[in-house]
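The sequence and the model are shown first, and the account then begins with one of the ligands.

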Amino acid sequence: MIRFENVSVRYEGAGAPALQDVDLTVPEGELVLLVGPSGVGKSTLLGTVSGLVPHFTGGVLSGRVSVDGRDTRTHKPRELADVVGTVGQDPLSHFVTDTVEDELAYGMESLGVAPDVMRRRVEETLDLLGLADLRDRPIATLSGGQQQRVAIGSVLTPHPRVLVLDEPTSALDPAAAEEVLAVLQRLVHDLGTTVLMAEHRLERVVQYADQVLLLPGPGLAPVLGEPAEVMAL
Ligand code: ADP
Ligand code: ADP
């Protein structure tokens, strides 16, 4: 579960706050889409969950964001890896190792996970994401959809309860995007993971969402509702 309590974020030098008075609960085990025009604060909101805001982007955060009770303001992203996994638009910028298997193991090394648990979790994640046949492949030789699945897999191995994705399909063609969305939907249904995903192309992803969170613009409260309601607007 993700709780936002009176969350505002202001960047130095900017006039209006990037986020203002967000008060919201994202329930467990749902795929929630975060929708709104460019510049409305989607990445900023995701950053408050992953810990990028305020630790790495310079935004000043007031209020409280918690994931499974853990305050993201007092934890850096690395210290949140076992509760929040974060994936961006460009999978290539995410990778630190050469092969698929090494990349899946990497995220657990810094968490001090025991080697036998680590091996088991890598196997489990390869199966879950349909990557078993690609385990020894250099990541650079994979398709965009396969690379994005590896990026997702690499943050899944610590078993986070929440997955945060910033436009994960924007660099992908429609078939590859569907491949990634199907994987996300499976994580929600099979593991009960909460997925919070920003997307500006609502029509592509709305069928996969349990709820849509509309960010209507500075100073207006975000609205959390069922996709059907949003489609009727
Ligand atoms: P979105 O993801 O919806 O496009 P962002 O969260 O990236 O929106 O941006 C919200 C607002 O905050 C924009 O006005 C943007 O210019 C500003 N902003 C985002 N990141 C920074 C930053 N690191 N420094 C200064 N301003 C920023
Ligand atoms: P551990 O690895 O902690 O020894 P398990 O592998 O048995 O324990 O997994 C514990 C729980 O986590 C199980 O309910 C399992 O379904 C769930 N789980 C498995 N893989 C993942 C994953 N990638 N992300 C989140 N939860 C997962």
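In this predicted model, the residues of the shell around ligand 2 divide into three nonpolar, one polar and three charged. The residues that surround ligand 2 are R120, R121, E124, L156, H159, P160 and L191, and the largest share of this shell, three residues, comes from helix α4, which spans residues 115–128. Polar atoms of the ligand approach both side chains and backbone: an oxygen atom of ligand 2 is 2.8 Å from an N or O atom in the side chain of R120, a nitrogen atom of ligand 2 is 3.1 Å from an N or O atom in the side chain of H159, and a nitrogen atom of ligand 2 is 3.4 Å from a polar backbone atom of L156. Of the 560 Å² of accessible area that ligand 2 has on its own, the protein covers 58%.

The shell of ligand 1 is made up of Y11, A18, P37, S38, G39, V40, G41, K42, S43, T44 and T57. Sorted by class, the residues around ligand 1 are four nonpolar, six polar and one charged. Taken alone, ligand 1 exposes 550 Å², and the protein buries 58% of that.

The table sets out these ligand contacts by residue.

| Ligand and its atom | Residue and its part | Distance |
|---|---|---|
| Ligand 2, oxygen | R120, side chain | 2.8 Å |
| Ligand 2, nitrogen | L156, backbone | 3.4 Å |
| Ligand 2, nitrogen | H159, side chain | 3.1 Å |

Among the strands, β7 can be followed through its burial and its pairing. Five of the five residues of strand β7, residues 162–166, are buried, so β7 is largely enclosed by the rest of the structure. In a regular strand the side chains alternate between the two faces of the sheet. Both faces of β7 are covered, with V162, V164 and D166 buried on one side and L163 and L165 buried on the other. Strand β7 also has paired neighbours: four bridges join it to strand β6, residues 84–87, and the two run parallel, with L165 in β7 as the bridge partner of V87. Five bridges join β7 to strand β8, residues 194–198, again in a parallel arrangement, and here L196 in β8 is the bridge partner of V164. Between these last two strands in the chain comes helix α6, residues 174–191, and β7, α6 and β8 make a right-handed β-α-β unit.

An open sheet of four strands has the order β2-β1-β4-β5, and its pairing is antiparallel. Its edge strands are β2 (19–26) and β5 (70–71), each of which pairs on one side only. Within this sheet, seven bridges join strand β1, residues 2–10, to strand β4, residues 60–67, and these two run antiparallel; the bridge partner of R10 in β4 is V60.

Several backbone details deserve attention when the model is inspected. In strand β1, N6 has a phi near 50 degrees, a positive value in a residue other than glycine, and N6 is partly exposed, with a relative accessible area of 45%. D68, placed in the loop between β4 and β5, likewise has a positive phi near 50 degrees and is not a glycine; at 38% relative accessibility, D68 counts as partly exposed. The peptide bond from V53 to P54 is cis, with omega near 10 degrees, and P54 has its place in helix α2, residues 52–55.

Note on methods
Residues are numbered from 1 along each chain as its sequence is written. Chains are lettered from A and ligands numbered from 1 in the order in which they are written. This is a predicted model: local features need pLDDT of at least 70, side-chain atom pairs count only at pLDDT 80 or more; totals for chains, interfaces and linings use all residues. Side-chain values use heavy atoms; hydrogens and water are left out. Buried means under 20% relative accessible area, exposed over 50%, partly exposed in between (1.4 Å probe, protein chains only). Two strands pair if DSSP finds at least two bridges between them. A crossover is right-handed if, with the strands pointing away from the viewer, the path from the first strand over the helix to the second runs clockwise. A residue is near a molecule or strand if one of its heavy atoms lies within 4 Å of it. A polar contact is a pair of N or O atoms within 3.5 Å; within protein, one must be able to donate a hydrogen and the other to accept it, and residues adjacent in sequence count only if both atoms are side-chain atoms. Accessible areas come from the Shrake-Rupley method with a 1.4 Å probe; for residues, only the protein chains shown count as cover. Ala, Val, Leu, Ile, Met, Phe, Trp, Tyr, Cys and Pro count as nonpolar, Asp, Glu, Lys and Arg as charged, and the others, Gly among them, as polar.
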